[in-house]
Amino acid sequence: MNIILLGPPGAGKGTQAHNLVDARDMIQLSTGDMLREAKDSGTEMGKKVADVMARGDLVTDEIVIGLIREKLQGDKKGGFIFDGFPRTLAQADALAELLHEQGETLDAVIEMQVDDTALVQRITARSTCAGCGEVYNDITKPIPADGKCTKCGGTEFKRRADDNEESLKQRLMEYYKKTSPLIGYYYAKGQLESVNGLGEIDDVKAAIAAVLDK
Ligand code: AMP
């Protein structure tokens with residue numbers, strides 16, 4: 001089963017993708033994570049995208065499509081979760097083509113609906129475990145008092161450089177201009193399912209499970 005998690009920055013796509021990896025042995029393909037890795041390891045491509053990402057703009061379709069193409073050729077396990085990809089109509093068309101080439105199908109597109117004020121609050125309070133990527137939130141899911149990640153026991157936590165109000169405004173603008181048309185695109189293809197992304201993490205998880213088990 002291959003699915004897309006679609007929604008604005010801060011909708012909870014990463015958190016729910018982690019849940020699906022644990023529960024269904026799926027593979028999370030987060031283009032944001034791949035780009036951050038390239039940036040941190042200082043590859044040529046990483047250097048090229050660093051400023052674009054810090055501003056909150058989208059990197060080119062060519063780069064992200066190339067990253068996804070590479071991953072689709074690897075182990076497929078319980079299927080792929082596309083997290084933060086596609087973000088443009090050109091990426092959506094490219095994904096359809098890549099899946100077709102691999103003899104794979106796209107089984108669901110899950111739109112995670114949230115309101116913009118909740119996004120700002122979520123993003124500016126967000127941190128992740130440096131070891132396993134588990135997502136924490138100062139208000140709704142604080143790092144445990146003993147300073148250890150609940151999932152891997154790691155003690156180092158990071159905040160993303162682009163999780164500030166300035167970059168977030170631009171990321172939201174990019175979302176509404178370039179990514180939100182995908183909601184109509186997948187609706188027209190009969191593949192869109194929407195869940196309320198504002199509830200408790202476990203409630204959202206259950207809503208996604210209900211869609212996938214239909
Ligand atoms: P994310 O972790 O998904 O919020 O992505 C962080 C940043 O990486 C975005 O603000 C973009 O600059 C870049 N990025 C991630 N995925 C894509 C994509 N599919 N297309 C273009 N840029 C992307």
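Predicted model: local features only at pLDDT ≥ 70, side-chain atom pairs only at ≥ 80, totals over all residues.
View 1. Helix H2, which spans residues 31-40, supplies four residues to the shell around the ligand, the largest share. In total, 16 residues surround the ligand, and the closest are Thr 31, Arg 36, Asp 57, Gly 84 and Gln 91. Sorted by class, this shell holds six nonpolar, four polar and six charged residues.

**View 2. The packing of helix H2 against helix H3 (residues 44-55).** The axes of H2 and H3 are 8 Å apart and form an angle of about 115°, and the crossing of these two helices is left-handed. On the H2 side the contact is made by Gly 32, Leu 35, Arg 36, Ala 38 and Lys 39, and on the H3 side by Met 45, Gly 46, Val 49, Ala 50 and Met 53. By class, the contact of H2 with H3 comprises six nonpolar, two polar and two charged residues.

**View 3. The packing of helix H7 (residues 165-179) with helix H8 (residues 181-188).** Here the helix axes run 6 Å apart at an angle of about 35°. H7 contributes Tyr 175, Tyr 176, Lys 177, Lys 178 and Thr 179 to the contact, while H8 contributes Pro 181, Leu 182 and Ile 183. The residues in the contact of H7 with H8 divide by class into five nonpolar, one polar and two charged.

**View 4. Backbone geometry at Pro 86 and Asp 25.** Most residues other than glycine have a negative phi, and most peptide bonds are trans. The peptide bond that joins Phe 85 and Pro 86 is cis, with omega of about -5°, and Pro 86 belongs to the loop between strand S3 (80-83) and helix H5 (89-101). Asp 25, a residue other than glycine, has a positive phi, near 55°, and is found in the loop between helix H1 (13-24) and strand S2 (27-30).

How values were computed: Residues numbered from 1 in each chain as written. Heavy atoms only, no water. Near = heavy atom within 4 Å. Nonpolar A, V, L, I, M, F, W, Y, C, P; charged D, E, K, R; others polar. Axes fitted to C-alpha atoms, helices over the stretch in contact; angles between N-to-C directions. Left-handed = near helix turned anticlockwise from the far one by under 90°. Contact = heavy atoms within 4.5 Å.
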